[in-house]
Amino acid sequence: MPPTHNSPTHASHLDAESATWIERLQSDGPGYEAAVKDLHVLLLKAARFEVHRRRSALGEMRDSDHEDLAQQSADDALMAVLRKLGDFRGDSRFTTWAYKFALLEAGVKVRRRVWQGREVQLPPESWSGIADRLQTPHDDAETRELIDAIEQAVRNDLTSHQRDVLVAITLNDIPIDVLAERLRTTRGALYKTLHDARGKLRAALAARGLGIRRHEEVGTR
Amino acid sequence: MRVPADRDPRLSGLLGPDGPELSCDECFDALDRYVELELSRSEADKQIPGMRAHLHGCPACHEDHESLLALLASER
């Protein structure tokens, strides 16, 4: 039986293939079950694609475990797609819209699996150590001054929560979904915290006369 | 003094994108349209402002974007 969802998507402005998907998934007839099965096949394809792309991060995991991850991702994505079917506006093809749910589920599950059993270390109150984590030489005066200014701003201008989130995600490479799970919050809420912390850093640097060269300016030097 | 934060990926990640950017939810909402615009070379960044900045600032959404782009490209 079709699940209840938001107001039905009107198929009139959709491309033919998308319109067919929507009509089948909103039907009350026997075609509904077949449409859901077809949708699961589509989502499983995307989930397998994502797990395969991330297989090096998963280490020595068995093929059957990869398949389990993909199946779980497709199952969860199926529920999400059916629940949000009324949100589909036809801004893209239906299959593209559906794929993103499977890729999201698989990506989150892979990242969480990689970090399963690993401790998520948050920075101590007295933390300082950006220079040790840089990936390129930083012995010139202007980069040194920038690092000093950032470290001061991280210590003095951020709340402890902002500092934890900023350091964990940008310096300790803890995936935002993993951190969200450990802190019992959401990716969106953590990114808002990260965004606010970055804004404070930029403001602190600007107050010291340290303007940040824009990405495009660096690229066109 | 103007310092080149993009010189190092760590500094770039710490400071994040400058200018307005989408939230994670807004990014997910527009991701399918954005990727199709990219693949059809239809000025995706002009039509969905703030998306590129968010993809620069959020590693997880960046991965989601790369994956959707790769999946669609593999079907062409």
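The model is predicted, so to speak: local features need pLDDT of at least 70, side-chain atom pairs count only at pLDDT 80 or more, and totals for chains, interfaces and linings use all residues. Residues are numbered from 1 along each chain as its sequence is written, while chains are lettered from A and ligands numbered from 1 in the order in which they are written.

**Domains**
- Chain A splits into domain 1 (11-114) and domain 2 (130-219), with bounds from an automatic or database domain assignment.
- The centres of these two domains of chain A, taken over C-alpha atoms, sit 34 Å apart.

**Helix 7 of chain A**
- Helices here are DSSP runs (H or I, at least four residues), numbered from the N terminus.
- Buried residues (20 or more other C-beta atoms within 10 Å of their own, C-beta atoms being placed from the backbone) in helix 7 of chain A include D164(A), L166(A) and I169(A).
- The buried residues of this helix pack against helix 6 (141-156), helix 8 (176-182) and helix 9 (187-207) of chain A, plus helix 1 (9-15) of chain B.
- Just past helix 7 of chain A, D173(A) has a positive phi of about 60 degrees.

**The core**
- A nonpolar core is a set of buried Ala, Val, Leu, Ile, Met, Phe, Trp, Tyr and Cys residues joined through C-beta atoms within 7 Å.
- The largest one has 71 residues, and A98(A) and L166(A) are among those with the most contacts inside it.
- Helix 4 (residues 94-114) of chain A gives this core its largest share, eleven residues.

How values were computed:
A residue is buried if 20 or more other C-beta atoms lie within 10 Å of its own, exposed if 12 or fewer, and partly exposed in between; C-beta atoms are placed from the backbone. Helices (H or I, at least four residues) and strands (E, at least two) are DSSP runs, numbered from the N terminus. Two residues are in contact if their C-beta atoms, placed from the backbone, lie within 7 Å.
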